[in-house]
Amino acid sequence: MARILTGIQSTGTPHLGNILGAIKPAIDLANDPANDSYLFIADMHSLTQIKDAELLKNNTYAVAATWMACGLDVSRSVFYRQSDVPEVTELAWYLQCMFPYSRLGLAHSFKDKSDRLEDVNAGLFGYPMLMAADILMYDAQKVPVGKDQMQHLEMTRDVASRFNHKFGDTLILPEALTSKSTMYVPGTDGGKMSKSQDNTINIFDDAGTLKKAINKKIITDATPLEDPKDPDSSVVFKLYELLASPEEALKMADALRAGGYGWGHAKKTLLEALVDGFESERARFNALMANREEIDLALSHGADQARIVASEVLTRVRSKIGY
Ligand code: TRP
């Protein structure tokens, strides 16, 4: 039985790239009875960027509803809001006191964000230590993460071993779990799908909105309808390939290569795959967003379970430090 843990930032409704790249694989792991899993919404990390109470709250609901709509079995995992377990900020403080200032300044994500964002606050700088606390707080053994989070995971291992070195074995060093989570989902412009690039596809949108995103945002070349086309150079095909069965994807690839099949046809097929393929998730998402009590109930139950483990680990840590 491995304890796995993952967190997702609540910066908005997760898009197709988040869902295929991170959420679905994490849900498969979480629902696997061989794992003991902790999943949480990192709404304290979001505060580094969002200072609007309503937005912060709504984003959390949207993220929670996404996980639930995409098939997370909340009775099998510990599913909670980070801010409902305030113990984590105490552990984050202890960890910050064990970790060199200079190392935090060198973090890729800090450098990237401090170049890009207007609000370069101290929370952004300490971010990796809060993330380390998220993980170490629950004795997590495996953490499914994307490539962009690998350095944070290394810092987590680093700070845990510094702590253990100073105070004796206390914290468990987690391992990164990559595999499927490194899946590359292109955005409408062909670059990696990312909220900051404004190239996302939201599977919960209605058919009309999805149609606009596909037709207006994905640029295709002007190869005449009858000419052969290269599927692999096209975002339309790359996205379709991620959603369709291998046979269906091959059918589109063959049709494009053969000629007489236009980008308009391919876009229509992609649209159908999005509209129909996520129909049940969309219905469940909308139902949950219309009845947030169900979300609150699931999250508060999760927080009660999480706090039991968190307070045990914190007791262990405090006594080692000398409190
Ligand atoms: N930093 C992660 C991200 O941006 C979110 C996160 C916060 C996280 N705490 C975590 C992920 C702990 C894994 C484990 O995606």
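The model is predicted. Strand β2 (residues 35–42) pairs with strand β1 (residues 2–9) in the parallel sense, and β2 also runs parallel to strand β3 (residues 78–81). Elsewhere, helix α7 (residues 122–136) packs against helix α8 (residues 150–167) at an angle of about 70 degrees.

- The pairing of β1 with β2 extends over 8 bridges.
- Two of the positions along this pairing are Ala2, which stands opposite Asn35 in β2, and Ile8, whose bridge partner in β2 is Ile41.
- The path from β1 to β2 involves helix α1 (residues 16–31), and together β1, α1 and β2 form a right-handed β-α-β unit.
- The parallel strands β2 and β3 are joined by 4 bridges.
- Along β3, Val78 stands opposite Tyr38, and Phe79 is the bridge partner of Leu39.

**Burial of the strands**

- In β2, 7 of the 8 residues are buried, so this strand is largely enclosed by the rest of the structure.
- The count for β1 is 6 buried residues of 8, so β1 too is largely enclosed by the rest of the structure.
- Side chains in a regular strand alternate between the two faces of the sheet.
- In β3 both faces are covered, with Val78 and Tyr80 buried on one side and Phe79 and Arg81 buried on the other.

- Arg3 is a residue of strand β1. Its relative accessible area is 18%, which falls under the 20% limit, so Arg3 counts as buried.
- Beyond its neighbours within four places in sequence, Arg3 is in contact with Asp36 and Tyr38, with Tyr138, Asp139, Ala140, Gln141 and Lys142, and with Val309.
- Arg81 belongs to strand β3. Arg81 has a relative accessibility of 15% and therefore counts as buried.
- With neighbours within four places in sequence again set aside, the contacts of Arg81 are Ile41, Asp43, Thr60, Tyr61, Asp296 and Leu299.

**Packing of α7 against α8**

- Two packed helices are described by the angle between their axes and the distance between the axes.
- For α7 and α8 the axes are 9 Å apart and the angle is about 70 degrees.
- This angle lies in the range of 65 to 115 degrees, and the two helices are therefore roughly perpendicular to each other.
- The α7 side of the contact is made by Tyr127, Pro128, Met129, Met131, Ala132, Ile135 and Leu136, and the α8 side by His152, Leu153, Met155, Thr156, Val159 and Ala160.
- Sorted by class, this contact has 11 nonpolar residues, 2 polar residues and no charged residues.

**Val159 in the helix contact**

- Val159 lies in helix α8 and is buried, with a relative accessible area of 0%.
- Leaving out neighbours within four places in sequence, Val159 is in contact with Met129, Ala132 and Leu136, and also with Leu95, Met98 and Phe99.
- The C-alpha atom of Val159 is separated by 42 Å from that of Tyr240, and these two residues are 81 residues apart along the chain.

- Most residues other than glycine have a negative phi, and most peptide bonds are trans.
- Asp139 sits in the loop between α7 and β4 (142–144). With a relative accessibility of 18%, Asp139 counts as buried, and it is among the contacts of Arg3.
- Asp198 counts as exposed, at 57% relative accessibility.

Conventions
Residues numbered from 1 in each chain as written. Predicted model: local features only at pLDDT ≥ 70, side-chain atom pairs only at ≥ 80, totals over all residues. Heavy atoms only, no water. Axes fitted to C-alpha atoms, helices over the stretch in contact; angles between N-to-C directions. Parallel < 35°, antiparallel > 145°, perpendicular 65-115°, else oblique. Contact = heavy atoms within 4.5 Å. Nonpolar A, V, L, I, M, F, W, Y, C, P; charged D, E, K, R; others polar. Buried < 20%, exposed > 50% of the residue type's maximum accessible area, 1.4 Å probe, protein only. Pairing = 2+ DSSP bridges. Right-handed = clockwise from strand over helix to strand, strands pointing away.
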